[in-house]
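I opened the file to look up a few overall values and one residue. My entries follow in the order in which I made them.

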Amino acid sequence: MVLTTTEPASDVRESEATRLSTAPLARSGWRHLTSMRTALLLLTLLALAAIPGTLLPQRGLNPVKVDAFLANHPHLGPFLDHLSLFDVFAAPWFAAIYLLLFISLIGCLVPRIRLHARALRKAPPPTPRHLDRLPVNETWSSGLAVDDVVANACSALRRHRWRTEVRTEPDGGVSVAAEKGYLRETGNLVFHVSLVVLLAGIALGGLFGYKGTVLVVQGQGFANVRSSYDIFEPSRLYSDSQLSPFSFTLRQFKATYEASGEPRSFDALVDYQAQPGAATSTHDVRVNHPLAASGANVYLIGHGYALHIQVRSPSGRLVFDSDTPFLPDDGMFASHGVVKVPNGLPHQLGLTGFFYPTFETTPLGPRSSFPAARNPVLSLAAWRGDLGLDSGVPQSVYDLPVASLHHLANRQLSPGQSWRLPDGTTVRFAGVDQWATFQVAHDPGKKVVLVAAILVIAGLLGSLRVRRRRFWLRATPVDDGDGARRSVVTAAGLPRTDPDGFRQEFDSLVQRMKD
Amino acid sequence: MHLAHVSDVLLVWAVAGYALAMLGYAAEFAFGRRNAGSRAVVAGRVAVALTIAGWGAHVGSVVTRGFAAHRVPWGNMYEFSSMVALVAVTVFLVLLTRQQVRFLGAFVMAPVVLYLGLAGTVLYANAGPLVPALNSYWIKIHVVAAITASGAFMVSGVVTTLYLLKDRWERRTAVGVGPGTAAAVEFERARGGGLMGWLPAAEVLDRLAYRVVAFAFPVWTFAIMAGAIWAEQAWSRYWGWDPKETWSFITWLAYAAYLHARATAGWRGRRASVLALIGFACLMVDYYVVNTVITGLHSYAGVS
Ligand code: HEM
């Protein structure tokens with residue numbers, strides 16, 4: 001009875017529940033309706049909730065901008081902050097929406113999976129009595145006996161992978177019921193289940209991963225222990241045991257530039273060791289090309305110049321000999337840095353420096369006109385006094401407390417040049433080296449997310465591309481009294497999803513059965 | 001060699017071809033209304049030929065651009081827009097081979113011409129190299145998918161708009177509407193329905209719009225995921241709620257809502273279609289507002 005009603009020709013599908021039997025129809029229909037409504041509402045809500053996260057600055061992306069916004073809007077700012085509008089994607093209300101969405105999704109998936117599993121095992125539904133009332137139908141007479149008609153029909157259908165069920169009817173006729181496109185619902189379920197798995201994978205990474213940043217000067221090394229990092233961000237349930245014991249040495253860093261100074265390529269050649277004692281292999285770490293280091297990834301995220309500076313005491317003893325990283329201030333890599341020499345000299349010595357890889361003087365002062373070291377110049381100021389290293393107050397390696405120091409002299413140096421300070425100390429600019437910053441990231445949920453993502457797409461393709469349709473055929477014997485075995489055949493079809501193209505498919509099937 | 005110049009000239013030809021094709025489709029409609037059936041057929045065929053010619057020039061423009069810049073021709077907003085328009089025309093031509101959709105011609109050509117016009121003037125950027133961050137084979141995969149989905153979404157947006165207009169017309173001219181509209185109905189009927197009468201039934205349009213979304217949505221999903229894989233390689237995280245990522249996600253949610261609405265009683269039809277148009281609006285925000293107004297990591301717009 002359900003089957004004989006003509007379905008609306010739209011793509012609207014009812015759940016299997018609504019057509020399997022009449023009794024739970026109302027209940028499950030209602031449930032279906034409400035859950036789809038809920039899903040629709042929550043999907044829309046989630047989209048709306050994400051919008052402020054793109055219009056207002058977000059702490060997770062740009063904390064400086066957030067501070068600026070708060071400073072510029074003393075009244076509005078704190079109010080928005082109170083609503084977590086600067087941390088939208090970590091806000092409780094944002095989490096509430098997506099958690100509700102996923103709870104609703106799981107609640108709706110469990111019964112649907114059960115129904116679909118049952119539908120997959122069940123034979124196609126019985127042939128409706130009045131096939132000629134279905135939207136697509138055709139009747140013809142055949143010179144074959146009923147059994148042969150049915151056998152032909154079944155083989156034509158099965159060749160196109162229709163699921164078929166032959167039933168003998170009380171009036172002597174035989175009917176074939178066939179259905180195809182179960183993959184649509186399978187795909188749909190795979191899609192939705194994979195969404196849940198994907199979220200679980202994201203949560204896994206968020207709870208157990210870590211991330212850290214380290215600056216390495218050319219020729220120096222890094223070992224993956226927590227204390228090696230300049231910045232380390234563990235996740236909530238992180239433990240040190242997640243740090244795999246790899247190490248690497250930055251053998252060489254190479255940057256190339258366009259004539260305009262725009263960067264063209266960066267390459268960091270590293271000698272990598274998966275664990276102490278393991279074989280060493282060389283890798284080229286580039287932008288878009290991280291090094292896969294036993295579970296973690298090592299990314300190249302920045303670079304700059306490290307200046308080789310030597311300091312000798314008035315008596316000629318080498319008291320400082322090291323590559324000092326300078327921090328870039330602009331796209332042409334004009335950089336600044338600090339050298340601290342606390343020991344070995346009559347007084348503690350501090351040097352503040354500006355470095356210009358391609359030095360140029362302009363009316364506004366010196367500047368760098370190109371990021372590569374074409375004409376490197378180091379401009380130093382020397383300071384004497386207590387560097388404050390023993391004061392117990394943490395000190396930045398890039399700052400010198402110049403206010404409390406005594407200024408000695410200034411000098412511009414090219415590589416190889418030495419500078420003799422008034423007290424006989426010599427400072428030598430020995431050479432230009434480079435450094436690179438690396439980010440090490442470990443996300444244990446990544447593989448889960450990737451597999452789930454692939455299944456999301458596979459499921460989606462099944463769900464949106466496969467069309468579910470039914471086909472019925474009834475053959476009744478015709479007795480002309482002359483003993484010839486002939487039959488009248490009626491076939492009908494019902495597209496249960498997208499009806500486009502169904503007519504052609506039906507016609508070609510029928511054509512094959514007539515032949 | 002001035003390949004970049006060749007590319008620009010070919011784009012002008014493409015726009016000219018499309019604009020003339022648009023006139024052809026309009027003529028087909030006009031002749032059809034005046035019962036000049038054979039002329040209508042000729043106009044329609046000429047329009048399709050012009051579309052194909054414009055498409056050829058367009059492909060040429062994109063290819064020469066790629067050779068001029070020694071890279072894939074979708075590195076900035078100008079090239080991007082050109083590609084999206086190219087996909088939209090391609091989707092239309094592919095649909096033509098499967099289904100009677102010539103009625104769409106003028107309605108696809110109009111936004112394409114507008115789009116290319118804006119791309120070639122406001123968004124135009126010289127053929128230059130890519131910044132290192134964009135230099136990955138994922139740009140080919142991710143961006144091609146995003147462009148393909150966008151071009152298809154554009155076509156489906158056109159069809160959805162036509163659907164909404166036709167649906168309103170059908171309801172207005174249906175028997176049993178309020179007395180106030182009787183005159184209007186008479187007028188419409190007397191005119192043979194004009195443009196609206198000429199368009200296929202609302203239901204056909206709705207289904208066509210759905211079919212195109214059903215093609216574009218998985219491609220868009222794939223684009224987002226490929227973008228996440230790329231982000232993981234470039235920026236050490238696969239998802240970071242960067243504005244571009246977020247608006248792609250919002251667009252995705254809007255189209256998912258549309259697909260759900262089609263299966264939800266009380267939402268199928270008009271309301272669902274409005275969701276699809278909102279999805280398209282989100283896509284436009286994603287491309288144009290995010291690239292120019294909101295700055296994020298995806299600052300490759302090439303407009304200054
Ligand atoms: C993360 C959010 C979700 C997304 C992105 C999503 C996406 C989709 C898509 C793309 C379809 C295919 C529509 C079609 O076949 O035409 C679909 C169908 C469906 N979704 Fe979801 N869904 C989500 C959440 C939910 C939730 C929470 C529920 C249940 C409460 C749900 C229930 C359904 C049902 C019942 C269908 C089948 C409708 C049909 O066969 O057309 N979905 N969903």
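I placed each charge at NZ of Lys, CZ of Arg, CG of Asp or CD of Glu.

I noted that this is a predicted model, where local features need pLDDT of at least 70 and side-chain atom pairs count only at pLDDT 80 or more, while totals for chains, interfaces and linings use all residues. Residues are numbered from 1 along each chain as its sequence is written, chains are lettered from A and ligands numbered from 1 in the order in which they are written, and side-chain values use heavy atoms, with hydrogens and water left out.

Chain A, charges. I found 51 positive and 43 negative charges, with mean positions 4 Å apart.

Chain A, domains. I listed domain 1 (26-118), domain 2 (125-181 + 467-514), domain 3 (194-303 + 439-458) and domain 4 (305-434); the bounds come from an automatic or database domain assignment. The C-alpha centres of domain 1 and domain 2 of chain A lie 50 Å apart.

Chain A, dimensions. The C-alpha trace spans about 130 × 55 × 50 Å along its principal axes.

Secondary structure. I counted ten helices and 23 strands in chain A, and ten helices and zero strands in chain B. Both elements are DSSP runs numbered from the N terminus: helices are H or I of at least four residues, strands E of at least two.

Burial. Buried residues (under 20% relative accessible area, 1.4 Å probe, protein chains only) make up 47% of the 515 in chain A and 57% of the 304 in chain B.

Contacts. With contact meaning heavy atoms within 4.5 Å, I looked at pairs at least 6 apart in sequence. In chain A, 64% of these join residues at least 24 apart; in chain B, residues 24 or more positions apart account for 80%.

One residue. I looked up Ala106(B), which is found in helix H4 (residues 105-121) of chain B. Ala106(B) counts as buried because its relative accessibility is 17%. Leaving aside neighbours within four places in sequence, Ala106(B) is in contact with Met22(B) and Tyr25(B). Ala27(B) is 79 residues from Ala106(B) in sequence, and their C-alpha atoms are 9.8 Å apart.

Technical notes: Buried means under 20% relative accessible area, exposed over 50%, partly exposed in between (1.4 Å probe, protein chains only). Lys and Arg count as positive and Asp and Glu as negative; His and the chain ends are not counted.
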